[in-house]
Amino acid sequence: MEKLLEVKNLEVSFQTYGGEVQAVRGVSFHLNKGETLAIVGESGSGKSVTSQTIMRLIPTPPGRIKNGQIIFNGEDLVKKTDKEMEAIRGKDIGMIFQDPMTSLNPTMKVGHQIMEVLTKHLKMDKSAAKERAIELLRLVGIPMPEKRVNQYPHEFSGGMRQRAMIAVALASNPKLLIADEPTTALDVTIQAQILELMKDLQKKTGTSIIFITHDLGVVANVADRVAVMYAGKIVEMGTVDEIFYDPRHPYTWGLLASMPSLDSDDKSELAAIPGSPPDLTNPPKGDGFAPRNPYAMKIDFELEPPMFKISDTHYAATWLLHPDAPKVEPPEAVKKRLRKLSSNYPQPIIVKESE
Ligand SMILES: Nc1ncnc2c1ncn2[C@@H]1O[C@H](COP(=O)(O)OP(=O)(O)OP(=O)(O)O)[C@@H](O)[C@H]1O
Ligand SMILES: [Mg+2]
């Protein structure tokens with residue numbers, strides 16, 4: 001499989017009055033062509049900063065890329081000038097956000113916003129661009145696109161704006177689409193439609209997707225692999241099946257236990273992870289999750305765990321995986337939830353044509 005993106009040892013910090021916030025602390029992962037990687041984790045774990053750094057959209061200052069490489073298409077994005085990045089963002093990397101109004105221009109007709117991408121990056125003439133804009137609106141499921149193409153964003157419903165934003169992001173045929181909580185603001189039915197749409201478009205266009213969410217339930221349906229982030233680090237990484245059926249990090253157990261199951265009447269076992277993440281202006285020297293980890297050992301408070309390899313695709317950073325560590329099983333609540341999950345998702349989670 002061919003790699004589209006490789007992030008190596010990325011470190012990003014922000015200068016604030018309270019000190020230097022170490023938002024991303026040595027993150028490494030890769031993304032294959034045509035693949036969807038989900039990044040999950042609690043609020044403040046560094047998901048958005050990681051993705052914004054890939055697009056070079058973090059404000060500098062106060063932000064700073066302290067270390068690392070972002071190899072995209074064989075080139076290091078960290079070394080690109082702002083001008084070079086602008087061209088890459090419009091053309092090769094598309095993005096969609098939680099609130100479409102932050103990326104759609106309210107004073108410009110939706111059709112024009114799509115056409116602008118087409119004329120600028122694909123050098124289409126105006127009439128071809130208009131035709132393609134209508135086609136794209138149809139592709140993302142907007143009814144009567146010939147009429148909608150001439151409307152402003154405020155004339156669209158929330159779900160339609162989200163679709164329009166996807167149309168803008170896909171207009172340039174980007175190699176990479178970064179979606180940061182694209183559906184959280186939408187009601188459940190529309191969420192499902194948008195996710196379905198993204199999967200469908202990916203099949204047609206072969207775009208690679210980074211999908212950011214704190215809803216693990218969403219992940220099962222859209223992602224090939226999952227990276228679990230905690231306090232600026234990736235603590236576990238694996239295929240969807242590995243993360244859902246063989247989770248190894250106690251933080252992942254916590255996330256799974258706090259995930260609402262699909263049968264909505266059963267909220268009784270929903271347990272948020274007790275405690276809160278560490279202060280990133282003064283990160284702990286050991287495992288940042290140790291104070292919240294009921295299985296923590298002495299070493300967890302002293303030394304940062306390395307990434308232990310479980311399979312070629314599955315890694316986790318917890319001392320529990322050290323050969324000398326006591327054998328610990330996920331708590332009964334997590335196992336129960338996993339059993340429930342497997343009965344809720346009768347078909348295999350990853351449905352992928354073989355390459
Ligand atoms: N411009 C900024 N100035 C200072 N600190 C920042 C800035 N942007 C982000 N941070 C800090 O970086 C850390 C990571 O934030 P980030 O937005 O990546 O979290 P997240 O995982 O996306 O959370 P959420 O799920 O709430 O979106 C947080 O501690 C946040 O306060
Ligand atoms: Mg975020």
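Let me begin with a term: a residue is called buried under 20% relative accessible area, exposed over 50%, and partly exposed in between, with a 1.4 Å probe and protein chains only. By that rule Ala 231, at a relative accessible area of 4%, is buried.

What you see is a predicted model, in which local features need pLDDT of at least 70, side-chain atom pairs count only at pLDDT 80 or more, and totals for chains, interfaces and linings use all residues. Residues are numbered from 1 along each chain as its sequence is written, chains are lettered from A and ligands numbered from 1 in the order in which they are written, and side-chain values use heavy atoms, with hydrogens and water left out.

I stay with Ala 231 for a moment. Its place is the loop between β9 (225-230) and β10 (233-239); helices (H or I, at least four residues) and strands (E, at least two) are DSSP runs, numbered from the N terminus. Ala 231 is not a glycine, yet its phi is positive, near 50°. Met 144, also not a glycine, has a positive phi of about 50°, and Met 144 sits in the loop between α4 and α5 (145-148).

Two cis peptide bonds deserve mention. One joins Thr 60 and Pro 61, with omega about -10°; another runs from Pro 61 to Pro 62, with omega near 10°. Pro 61 belongs to the loop between α1 and β4 (63-72).

I turn to the interior. A nonpolar core here is a set of buried Ala, Val, Leu, Ile, Met, Phe, Trp, Tyr and Cys residues joined through side-chain atoms within 4.5 Å. The largest such core has 36 residues, and Ile 114, Ile 166, Met 198 and Phe 211 touch the most other members. Among the elements that give two or more residues to this core are α3 (110-121), α6 (158-170), α7 (188-205) and β8 (208-212). The largest contribution, 7 residues, comes from α6. There is also a second, separate core of 31 residues, which includes Val 24, Leu 77, Ile 93 and Ile 212.

Now to ligand 1. Which residues come nearest to ligand 1? Of the 13 around it, they are Ser 43, Gly 44, Lys 47, Ser 48 and Val 49, where a residue is near a molecule if one of its heavy atoms lies within 4 Å of it. An oxygen atom of ligand 1 is 2.5 Å from an N or O atom in the side chain of Ser 43. A polar side-chain atom of Lys 47 lies 2.8 Å from a ligand oxygen, and a polar backbone atom of Gly 46 is 3.0 Å from an oxygen of ligand 1. On its own, ligand 1 has 640 Å² of accessible area, and the protein covers 66% of that, by the Shrake-Rupley method with a 1.4 Å probe. The element that gives the most to the shell is α1, with 3 residues.

Finally, two contrasting positions. Is Thr 318 buried or exposed? Thr 318 is buried, because its relative accessible area is 0%. Its contacts (heavy atoms within 4.5 Å), leaving aside neighbours within four places in sequence, include Arg 248, His 249 and Phe 308. Lys 309, in strand β11 (residues 308-309), counts as exposed because its relative accessibility is 53%.

Note on methods. A polar contact is a pair of N or O atoms within 3.5 Å; within protein, one must be able to donate a hydrogen and the other to accept it, and residues adjacent in sequence count only if both atoms are side-chain atoms.
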